[in-house]
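Let's take a friendly walk through a few parts of this structure. Please keep the 3D view open while you read.

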Amino acid sequence: MVARLVIAAPSSGAGKTTVATGLMAAFSGRGLAVSPHKVGPDYIDPGYHALATGRPGRNLDAYMCGTGLIAPLFAHGSRGCDLAVVEGVMGLYDGAADQGELASTAQVAKLLKAPVVLVVDASSQSRSVAALVHGFASWDPEVRIGGVILNKVATDRHEHLLREALGESGVPVLGVLRRAPAVATPSRHLGLVPVAERQAAALAAVAAQAEQVRAGCDLDGLLALARSAPELYAAGWDPSVAGRPSAGERTVPTRSAPAEQPAARRPVIAVAGGAAFTFSYAEHAELLRAAGAEVVTFDPLRDEALPEGTSGLVIGGGFPEMYGSELSANEPLRKAVAELARSGAPVAAECAGLLYLARSLDGTPMCGVLDADARMSERLTLGYRDAVAVSDSPLAATGARMRGHEFHRTVIEPGAGARAAWGLRQPERRVEGFVQRGVHASYVHTHWAGAPGAAARFVEHCANGPVA
């Protein structure tokens, strides 16, 4: 199993992303094949990880995918690599609300048997840093904190005080980073600005992060710590096996399994991309291809037509509110999407995709597939969701259970159609989303690796033609 490190922190805002991305880039610069991972449902940080390593950033989410899939998904992503760097989420021990350690960085570190490097924002403390690190290192004896990286250190004198305090903690200092504006990445209401929106600036920021880490961190010591991780016996996740429906799950009449069809007859599934639709998991496309689909990416900001032969459409999350006028101005594509949906072709839309299918977004015309209007809101809706399908759709049969995540500052009215997509169990019971003919549109982001058969069901619907 690949050498590995988990980069964690006592809380959000300590600099995990800067350090993790800088380490990925610095080790890649040494000629190592580095596998990037992110704990939790975050879509944006993996984009920076991909820039740093040249490999897809992959998520490890124990809530949405289950604890049993963490090691297999990690093994799948890190196959053939020399080193894996896993960026944590929030504070080390923070996880799903009211679920104990579930989906926390600490739980993922334990499942991977990986040593943890704690990134501490030292900007407002000196000797107290030792108490902080001691508390985190002793809280759970199964979590091995193998080192500390001190971030936002002000001066040489400040560094001396911090190192002196930590000298008695038993946890080695593996890096000291000064405040550096060049490594900063701009944020928006939902986190960092995605790479796709600032490609050149993002490349410069990643390069600056790598240089800062090279100058301030003990890369040899960090690599030795990563290589000290014990063997982890886990078969790599395989999309061709994982995507098979469970016994009794197949409910769509088929002529033949899509994967057995010649390539020329495989259903073409168009996946929205570009700056407005940046939220996706790498495993989704892998599952669609394994189920027999030809996956083609298109950009709703630039392309005026859907890919030739499109028989299904996937529109994931992103920031359509930042590009409302441009999306609306692309009237030929809006009409093509509406016509495809009206034909009954399968369409899976999540969050940004839901807004794009609405009649309007902040008063600007969208595709008009749904009789609903969306607008920006002051309220942030955020959290994991336990969802049950309340209507039959190409994505899920009635009664199918999926776990997902909501993350948005918009509101759509009405919040659910005559046939809703999901019944949510937490934090309050409600129905949400829309199912009409082949369309499944919802605010809830799902990870199909944690929903066996969802991708295969969608491809099967695409292969069998429009929903009546």
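This is a predicted model: local features need pLDDT of at least 70, side-chain atom pairs count only at pLDDT 80 or more; totals for chains, interfaces and linings use all residues.

## Helices α2 and α8

Which residues of α2 and α8 meet? From α2 come Tyr-48, Leu-51 and Ala-52, and from α8 come Gln-199, Ala-202, Leu-203 and Val-206. Sorted by class, the contact of α2 with α8 has six nonpolar residues, one polar residue and no charged ones.

## His-49, a residue of α2

Helix α2 also holds His-49. Is His-49 buried or exposed? Its relative accessibility is 0%, so His-49 counts as buried; the cut-off for buried is under 20%.

If you set aside the neighbours within four places in sequence, His-49 is in contact with Thr-21, Met-24, Pro-36, His-37, Lys-38 and Glu-87.

## Helices α4 and α5

Next, look at helix α4 (residues 70–78), which packs with helix α5 (residues 105–112) at an angle of about 70 degrees. The axes of α4 and α5 are 9 Å apart. These two helices are therefore roughly perpendicular to each other.

On the α4 side, the contact is made by Ile-70, Ala-71 and Phe-74; on the α5 side, by Val-108, Leu-111 and Leu-112. The contact of α4 with α5 comprises six nonpolar residues, with no polar and no charged ones.

## The six-stranded sheet

Now turn to an open sheet of six strands, ordered β11-β10-β12-β13-β21-β20, in which the pairing is mixed. At its edges are β11 (294–298) and β20 (434–436), each of which pairs on one side only. On average, and ignoring direction, neighbouring strands in this sheet are turned by 15 degrees against each other.

Within the sheet, β13 (residues 347–350) and β21 (residues 439–442) run parallel and are joined by four bridges. To find this pairing in your viewer, look for Glu-350, which stands opposite Ser-442 in β21.

## A helix across the strands

Which strands does helix α13 lie across? Helix α13 (residues 331–342) lies across β11, β12 (310–315), β13 and β21. The helix runs at about 110 degrees to β12.

Notes: Residues are numbered from 1 along each chain as its sequence is written. Side-chain values use heavy atoms; hydrogens and water are left out. Contact means heavy atoms within 4.5 Å. Ala, Val, Leu, Ile, Met, Phe, Trp, Tyr, Cys and Pro count as nonpolar, Asp, Glu, Lys and Arg as charged, and the others, Gly among them, as polar. Two strands pair if DSSP finds at least two bridges between them. Axes are lines fitted to C-alpha atoms, for helices over the stretch in contact, and angles run from 0 to 180 degrees between N-to-C directions. Angles under 35 degrees count as roughly parallel, over 145 as roughly antiparallel, 65 to 115 as roughly perpendicular and the rest as oblique. Buried means under 20% relative accessible area, exposed over 50%, partly exposed in between (1.4 Å probe, protein chains only).
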